[in-house]
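Please read it alongside the sequence and the structure.

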Amino acid sequence: MKIGNILRESRLHTKKSVKEVSDFLIKRGYKASEKTIYSWESGNSKPDIDSFMRLCELYGIKDILKTFGYREDSENELRLSIKETELIEKYRFITSYSIKGTSAIDTIIDNECTLANEIKKQKEYITKLEILSTEDHNENTKTRWINYYYRLASAGSGQILFDSPPTMRIEIPDIPQYKNVDYAVGVNGNSMEPTFLDNDTLLVEMTDSVEQGDIGIFLVDGDCYVKQRGTQELISINKECPNIPLNESARCMGKVIGTLQ
């Protein structure tokens, strides 16, 4: 969730008016008019670190500060480590003197946070899968259960992966060639034909890297693709479809083991 949304929802939850928040900060020496508060909540600007800390205290959401690196000391006060304090001072320095300000830094942080959240969700789903698979495992039928995401691995224009819980859970044979399979996704598009067809169910091993030439599930700029890994781009087997250039946002979400027969 964006900082502006956090601040607005927290203020509404505590039933405080914008004027009350502004007065609270001004009394403590911060420049925070009602217009400034609205600007923070709409995302048009961001509060400095000190103002943000005071707002978290006002709204009773001090725990969120721990997400930003704050830890409780022996007196139950939230403090930053020396290294983290130095980073914040550098950020303040850039804000005060850099011509470009912090827009580039904010963009990088926002992108990395988005990707980290996607990976976190993925790991949470895989953990649940492992627990449920152990519970549901049937020695007699020799099958096991995995999570299935319907048509989320795009072999075309791209779709966001793991933006919601799994569509359902499916049963796969408990055989040696499937021992590393962690989850399944449906193919959406024709860019990987004839190897993979539209609507095929791909069996995927959870890994954050694959070798060049391997076929994997990749997240690029928030979109999900099933592609063959190249050196500078993700390759479409169907030559009529474009390749996807790799950039700093690219992440591997798994290696394709095969299709479910």
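R11 forms a salt bridge with E41, with 2.7 Å between the closest N and O atoms; a salt bridge is taken here as a side-chain nitrogen of Lys or Arg within 4 Å of a carboxyl oxygen of Asp or Glu. Because R11 lies in helix α1 and E41 in helix α3, the pair ties together parts that are 30 residues apart in sequence. Helices are DSSP runs (H or I, at least four residues) numbered from the N terminus.

Both partners are buried, R11 with a relative accessible area of 9% and E41 with one of 7%. Buried means under 20% relative accessible area, exposed means over 50%, and partly exposed covers the range in between, computed with a 1.4 Å probe on protein chains only.

## Basis of the model

The model is predicted, so that local features need pLDDT of at least 70 and side-chain atom pairs count only at pLDDT 80 or more, while totals for chains, interfaces and linings use all residues. Residues are numbered from 1 along each chain as its sequence is written, and side-chain values use heavy atoms, with hydrogens and water left out.

## Surroundings of helix α3

Helix α3 spans residues 34-42, and its buried residues are I37, S39, W40 and E41. These buried residues of α3 pack against α1 (3-13), α2 (18-27) and α4 (49-59), where contact means heavy atoms within 4.5 Å. Just after α3, G43 takes a positive phi of about 85 degrees.

## Salt bridges within single helices

The count of salt bridges comes to four, and two further examples each lie within one helix. In helix α2, D23 and K19 are four residues apart, about one turn of the helix, and their closest N and O atoms are 2.9 Å apart. D23 is partly exposed at 30% relative accessible area, and K19 is also partly exposed, at 45%.

In helix α4, R54 and E57 are three residues apart, again about one turn, and their side chains meet in a salt bridge at 2.9 Å, N to O. Here R54 is buried, with a relative accessible area of 18%, whereas E57 is partly exposed at 35%. An α-helix has 3.6 residues a turn, so residues three or four places apart point the same way.

## Cysteines

The structure holds zero disulfides, a disulfide being a pair of cysteine sulfur atoms within 2.5 Å. C241 is buried, with a relative accessible area of 17%, and C252 is buried as well, at 15%.

Definitions and conventions: Helix = DSSP H or I, 4+ residues; strand = E, 2+ residues; numbered from the N terminus.
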